[in-house]
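Work through the exercises below with the sequence and the model at hand. Each task is followed by a solution in steps.

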Amino acid sequence: MENSSTTKHNKKTSLQLQQQAPASPPRPSPLKKIVLVAAIAAGIQFGWALQLSLLTPYVQLLGIPHKWASLIWLCGPISGMLVQPIVGYHSDRCTSRFGRRRPFIAAGAALVATAVVLIGFAADLGHLFGDSLGNEMKPRAIVVFVIGFWILDVANNMLQGPCRAFLADLSGNNQKKTRTANAFFSFFMAVGNVLGFAAGSYTHLHNIFPFTTTKACDVYCANLKSCFFFSILLLLTITSIALSYVHEKPWSPEGNADIQGGELEEEEPAAEATPIPFFGEIFAALKDLKRAMWILLLVTCLNWIAWFPFLLFDTDWMGREVYGGDSQGNNLVLKLYNNGVRAGALGLMLNSVVLGFTSLVVELLARGVGGVKRLWGIVNFLLAFCLAMTVLVTKLAKSSRRFATVDGVIIPLPPPAGVKAGALSLFAVLGIPLAVTYSIPFALASIFSSSSGAGQDVGVFGEWTI
């Protein structure tokens with residue numbers, strides 16, 4: 001009887017092996033498919049670069065005081081804390097015939113297009129709904145802008161999480177290919193940044209779309225609209241090409257074998273499976289994280305606490321502190337502020353060029369210093385040094401400030417060439433730690449979570465960075 005049971009068990013195990021063999025971890029996809037999916041980052045980052053360089057000054061033109069402008073940016077972290085893990089969770093379990101990640105990427109691209117139209121036309125829609133052109137505060141335009149901004153942040157999270165998870169899927173369990181995929185993603189982010197910041201620093205794009213200049217929308221606003229039109233075109237084109245060429249096999253729970261460290265685990269009968277609520281799974285995922293993943297989350301969280309003030313206020317810093325302008329001042333002071341914002345956009349473009357080249361040599365740099373973890377530590381010290389140097393540049397700009405009298409009004413003059421060169425140099429050098437921040441932490445997260453759902457774990461990782 002015992003022998004019969006053993007034979008029966010052996011037959012069952014053999015049958016399981018035959019049935020589950022096809023569900024073994026997929027082989028890495030060709031590099032051209034990885035590059036195509038990674039290229040979506042260029043479209044995402046084009047719009048994000050416009051946000052970083054132009055939207056803080058733009059919200060002040062709508063009448064939001066400078067001290068309240070930072071509250072607008074809370075939309076991103078608050079929406080991201082919910083969207084990233086939810087999208088990651090559902091993209092891991094999506095049974096669409098188009099695949100697990102592609103539907104979310106397509107929906108995110110469509111939402112981005114909708115959001116940037118709302119943001120760009122906020123002043124026009126506010127005027128249409130009753131805002132007075134004579135008032136500095138335009139409440140209806142602000143409401144439209146905030147709605148568009150929320151949608152844009154939700155859409156960006158819908159795009160980035162599944163894109164990175166898709167790259168992890170295409171890389172299989174190959175750690176080198178995973179790092180390469182994330183390096184390409186970082187490189188195309190740099191390409192998008194260069195295009196976005198170049199567009200933001202160019203003041204005549206609105207001439208291509210004459211209809212963008214209206215009673216409610218001045219030249220600055222019209223230029224922003226034109227930049228967003230190019231952003232939509234780039235994102236939708238790249239996303240369409242990538243999703244048309246790179247296909248996914250439909251996923252189903254029945255066909256998903258449980259593979260842990262190369263060993264097959266016997267599946268529980270379907271009747272005994274108990275569904276776990278979404279947030280229960282998120283907390284369970286946090287509880288079951290390995291020590292290495294917890295350290296990664298903590299360092300990444302501290303890393304982004306350092307990055308966000310610079311990324312959100314870099315162009316505003318150039319306009320106010322370095323150039324001495326004011327978004328709420330008279331025309332001459334406002335013009336000086338706008339010149340500073342454009343100089344900041346130029347600095348961000350230099351930052352992106354350095355970021356792009358650094359992304360291509362991250363592997364070489366890591367080997368040169370003894371590993372990716374050591375490289376990440378070194379560039380974080382470089383980040384701290386550069387952020388401290390912004391205080392020195394601000395002090396030098398104020399101490400060397402020159403003034404002129406125009407029509408009886410005292411106005412500041414542009415800063416000396418040395419101060420401008422110092423500020424732009426900081427922008428450029430910060431491209432090195434930013435390239436590492438965009439690639440190594442996400443590659444490590446994908447490697448640490450290779451035995452579980454990449455989408456959910458990358459979503460948890462993204463939530464922690466927020």
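**Exercise 1.** Determine whether arginine 101 is buried or exposed, and find its salt-bridge partner.

Step 1. Arginine 101 has a relative accessible area of 0% and is therefore buried (buried is under 20% relative accessible area, exposed over 50%, partly exposed in between, with a 1.4 Å probe and protein chains only). The model is predicted: local features need pLDDT of at least 70 and side-chain atom pairs pLDDT 80 or more, while totals for chains, interfaces and linings use all residues. Residues are numbered from 1 along each chain as its sequence is written, and side-chain values use heavy atoms, without hydrogens and water.

Step 2. The side chain of arginine 101 meets that of aspartate 169 in a salt bridge, 2.7 Å from N to O (a side-chain nitrogen of Lys or Arg within 4 Å of a carboxyl oxygen of Asp or Glu).

Step 3. This pair links distant parts of the chain: aspartate 169 is in helix H8, and arginine 101, 68 residues apart from it, is in the loop between H5 and H6. Helices are DSSP runs (H or I, at least four residues), numbered from the N terminus.

**Exercise 2.** Which other arginine forms a salt bridge with aspartate 169?

Step 1. Arginine 100 does, with 3.5 Å between the closest N and O atoms. Arginine 100 lies in the loop between helix H5 (75-92) and helix H6 (102-120), and aspartate 169 in helix H8 (residues 139-171), 69 residues apart.

Step 2. Arginine 100 counts as buried at 17% relative accessibility, whereas aspartate 169, at 21%, is partly exposed.

**Exercise 3.** Find the salt bridge between arginine 320 and aspartate 316, and state how the two are placed in helix H12.

Step 1. Their side chains meet at 3.3 Å, N to O.

Step 2. Arginine 320 and aspartate 316 are four residues apart in helix H12, so about one helical turn separates them. Both arginine 320 and aspartate 316 are buried.

Step 3. Elsewhere, salt bridges with shared partners join Arg100, Arg101 and Asp169 into one network. A search of the whole structure gives eight salt bridges.

**Exercise 4.** Where is aspartate 314, and what is it in contact with?

Step 1. Aspartate 314 belongs to helix H12 (residues 291-322).

Step 2. Aspartate 314 is buried but has no salt bridge; arginine 320, the nearest side chain of opposite charge, is 12 Å away (Lys and Arg count as positive, Asp and Glu as negative; His and the chain ends are not counted).

Step 3. Apart from neighbours within four places in sequence, aspartate 314 is in contact with Leu52, Leu348 and Phe427 (heavy atoms within 4.5 Å).
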